[in-house]
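Keep the 3D view open and follow along.

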Amino acid sequence: MHLVIVESPTKAKTIRKFLGPDYHVVASMGHVRDLPASSEEIPEKFRKEPWANLGVNVDANFEPLYITSRGKTKVITELKKLMKDTEDIYLATDEDREGESISWHLLQILKPKVPVKRMVFHEITKSAIEGALKHPRGIDEKLVRAQETRRILDRLVGYSVSPVLWKKIAYGLSAGRVQSSALKALVDRERLRLTFKKGAYWDVLAHLKKDVEFEAKLVTVDGTRIASGKDFDENTGALKSGSEVKLLDEASAKEIAERAKAAEWTVREVNEKETRRKAPAPFTTSTLQQESNRKLGLSSRETMRVAQSLYERGYITYMRTDSVNLSAEAVKNIRGLVANKYGAEYLGPTRSFSTQAGAQEAHEAIRPSLAFTPPQDLDLAGAEKNLYELIWMRTIASQMKDAEQLQVTIVLDAANATFHATGMRIVFPGFLRAYVEGADNAEQALEEKERPLPMLAKGDVPECLSTEPLGHETKPPARFTEAALIQYMEKEGIGRPSTYASTISTLLDRGYVRKAGNTLIPTFTAMAVTQLLERHFGDLVDVRFTSKMEQALDKIAEGKEEWLPYLRTFFLGHDGLREKIARELEKISPEEAKTLDIPTLQNYRVKVGKFGPYVESSLPITGTEIKASLPDTIAPGDMDEEAVKRVLDEAQKGPTTLGEDPETGKPIFLRTGSYGPYLQLGEEEEIPPAAGKKKPTKIKPKRVSIPKHIPLETLDREKALKILSLPRLLGSHPGTGKEIRAGLGRFGPYIVHDGDFRSLKKDDDVLEIGLDRALELLAMPKGGRGRPSSGKEVGKHPDDGKPVTLHNGKFGPYVKHGSVNATLPKELKPDDVTLEVALDVLAKKKATTPSPSLPGRIDRTSL
């Protein structure tokens, strides 16, 4: 019997199909050992050691303290039992650094006495698995050492710097080698928005006709180019120094428009330029995340979760790669597909793409498995189908001909003004027949990309139908989307492709960033943390320093640099991290650390405290200090004195009274908090202490957020009473007899029946929805992002007998017990979750809760 060990049950199930009965394929369920995640996990004999909280003995050659991961004792015991009846072991974990590390840890903890072989493959197909069995290798010690160095480095940064943030800003904050550098990029962009000054300019749009209607835009007046957005200084709102352009105001634009409308229009020249658009390279991890975010609206985390599932089921190649190479066999299959589907005329030359220098991940791009099964022929749905189709189309397009386009510019004169009409015609679509970046439907996108112009020649006189003066304002620098941030991180060398998704997830999970649509907005807390790190630990947020660290780690993986001297220099050397923390800690003033440097605010101070961001100022006459919490709806980049004054004015006014509740006689208050406006019924009450108790019991009043679709100016007593009635009873379900209620939750308005939550549709009003409509929604099949399932019970928790349930949530499947929610690791699928597995996942989540002696979570973004 041969024992094959992989990470996940799904991967094991797929591989099992390709191997005979002589092979026992089992899953390790991910990592079997790791550094301790919390102080409770540190073995008793090490707890008094000065380095124990780090989990790394920095004074003994950075020896890591490895412990068996929670819940993995049984897995290890089972593996050891299976080893007794096996003649050899194949370690078939993923082919990247992390996969190599898992195999090494398995080898260290199992200590097998039979031969051990490392089995690597790029796709889970019959031929790939058989090939890997025929050509095994040993553990790559360089890869293992590089991964361990990353792990230690991240621990040193996260567990050394985070406590500084606790002491100087607020408890529970964290820093990380990769996350802090990425966060600074978001904060820097927000600062640019803060200092941005808008400029105003005008131009003229003409509507013309010559056989067909077309448009032309004003370019010059009296031979001088008119100003456009690119000519303005973002810091002053004025034209850039030395700009030789004419700035139009509304009056001059109207005058030009009227004069042009009355004038005869003449074609001065027609310029045509042939251009070629090159076929795109197949996907890497980075480009897949970017395009999935743009086209499908998937976050980087969702993209990698779906891609992991497609890989483990044998549909695509390994999804963590920065290579754009394709195997010869893959290219042959792709070219056959192109010829059959689009015709031989669409076949480009056999094309190979250049992988960027320093690529360290897998050796081939992300592509469908060699069968290249069309998306419609696979049993896929939802995000899995969409992502597979995206990968399939991009891979096919990579071997198609370039697109040929004709750019046309018509130069027209009218009075003293010159206008340009621009168009584009697709001469030969080439790869665009299969794939258009950022578009869902290639054929439709082709039609929309063309901008036809009439056939005009020099001297032609088109008819002017109308002219329209248009006013414009310059826009502040755009905030990052996930796609843009990933592109930036790749360009600057921050992290590696396999870390982008976890980096962004970390920033979101820790409240450093919030999402508005697809835009990433840094919070005031993020501004404070970045400000402190810049002032006292500048290297950690310097992209050049972070990039050099990545390059050093790559050299360690290649055997070109030694890991131990590098760690010693970084942490223990002259001006190393340990020395720097000891020196800077005394210099950091908590008051200064909590106060944000916002140049647009001269009369107000924005600070970050225990309960979040707030603004403070002093009254002009009395000097009395006033404070007010800043709601999450205000982005740092949108802060100005007017916005702050409104917040403080509202705070000084106190709550607005909308009347009394007829049932209780309590007043109804309209208040504004960190999460926006809300209603409060009555005030906080105190009940005298019971016998033997010293403190009175405080009863908090009922509070309900105001639905976003209700303007505050329309809010009256009757509407407030309806909102306060939430969650309101709609009636009983005819099938179960149980209540159906409508309410407002974290993800918006919903209805609930027997634990089954359904989000309301756009046209549904939580205050007006009735029983019939609720029953209609409950009868609909579940689906879509962000709609969590009601939960399937997997068993009772042994500690309290309460149910442990499995759900499908916004960020993928998770298990829940009481108030604890824990996302399933990527190697686990819902079908694999037993009570024991769920308890292990929940225990790990609880272990990451911050404790006073140790940062609760570390930056794992470069694992």
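A residue counts as buried when its relative accessible area is under 20%, and as exposed when that area is over 50%. Anything in between is partly exposed. The model is predicted, and the values below are computed from it.

Start with helix H6, residues 179-195. Its buried residues are Gln-179, Ser-180, Ser-181, Ala-182, Leu-183, Lys-184, Ala-185, Leu-186, Val-187, Glu-190, Arg-193 and Leu-194. That makes 12 of 17 residues, so H6 is mostly covered under the 20% cut-off. The helix reaches 25 Å from its first C-alpha to its last. The expected span is 24 Å at 1.5 Å a residue, and the value in the model is close to that.

Now move to helix H10, residues 328-342. H10 has 15 residues. Its first and last C-alpha atoms are 21 Å apart, close to the expected 21 Å. Which residues of H10 are buried? They are Ala-330, Val-331, Ile-334, Arg-335, Val-338 and Tyr-342. These residues cover an arc of only 130 degrees around the axis, so they sit on the same side of H10. Lys-332 and Asn-340 are on the other side, and they are exposed.

Helix H5 spans residues 141-168 and contains Asp-154. Is Asp-154 buried or exposed? Its relative accessible area is 0%, so Asp-154 is buried. Asp-154 and Arg-177 are 23 residues apart in sequence. In space, their C-alpha atoms are 5.9 Å apart.

Next, look at the backbone. Most residues other than glycine have a negative phi, and most peptide bonds are trans.

Asn-61 has a phi near 55 degrees, a positive value in a residue other than glycine. Asn-61 lies in the loop between strand E4 (56-57) and strand E5 (63-64). With a relative accessibility of 40%, Asn-61 is partly exposed.

Lys-111 is not a glycine either, yet its phi is positive, about 45 degrees. The loop that holds Lys-111 runs between helix H3 (97-110) and strand E8 (116-118). Lys-111 has a relative accessible area of 61%, so this residue is exposed.

From Leu-726 to Pro-727 the bond is cis, with omega near -5 degrees. Pro-727 is in the loop between helix H21 (717-724) and strand E27.

E27 (residues 728-732) and strand E28 (residues 739-745) run antiparallel and are joined by 4 bridges. Gly-731 stands opposite Ile-740 in E28. Between the two strands of the hairpin there are 6 residues. Gly-737, in the turn, has a positive phi of about 80 degrees.

Another hairpin comes from strands E21 and E22. E21 covers residues 656-660 and pairs with E22 in the antiparallel sense over 4 bridges. Thr-656 stands opposite Leu-670 in E22. This hairpin has 6 residues between its strands. Gly-665 in the turn has a positive phi of about 75 degrees.

How much space lies in the second largest pocket? The volume is about 710 Å³. Of the 22 residues in its lining, Val-647, Glu-650, Arg-671, Thr-672 and Gly-673 are the closest to the centre. Strand E20 (625-629), helix H20 (641-653), strand E22 (667-673) and strand E23 (676-681) each give two or more residues to this lining. H20 gives the largest share, 5 residues. By class, the lining of the second largest pocket has 11 nonpolar, 8 polar and 3 charged residues.

Which residues line the second largest cavity? They are Arg-191, Met-527, Gln-531, Leu-596, Asp-597 and Ile-598. By class, the lining of this cavity has 3 nonpolar residues, 1 polar and 2 charged.

Note on methods: Residues numbered from 1 in each chain as written. Predicted model: local features only at pLDDT ≥ 70, side-chain atom pairs only at ≥ 80, totals over all residues. Heavy atoms only, no water. 1 Å grid on protein atoms, 1.4 Å probe; cavity = no way out; pocket = protein on both sides within 12 Å on 5 of 7 lines; lining within 4 Å. Points joined across faces, edges and corners; volume = space filled by probe spheres on them. Nonpolar A, V, L, I, M, F, W, Y, C, P; charged D, E, K, R; others polar. Pairing = 2+ DSSP bridges. Expected span 1.5 Å × (residues − 1). Buried < 20%, exposed > 50% of the residue type's maximum accessible area, 1.4 Å probe, protein only. Arc of directions from axis to C-beta.
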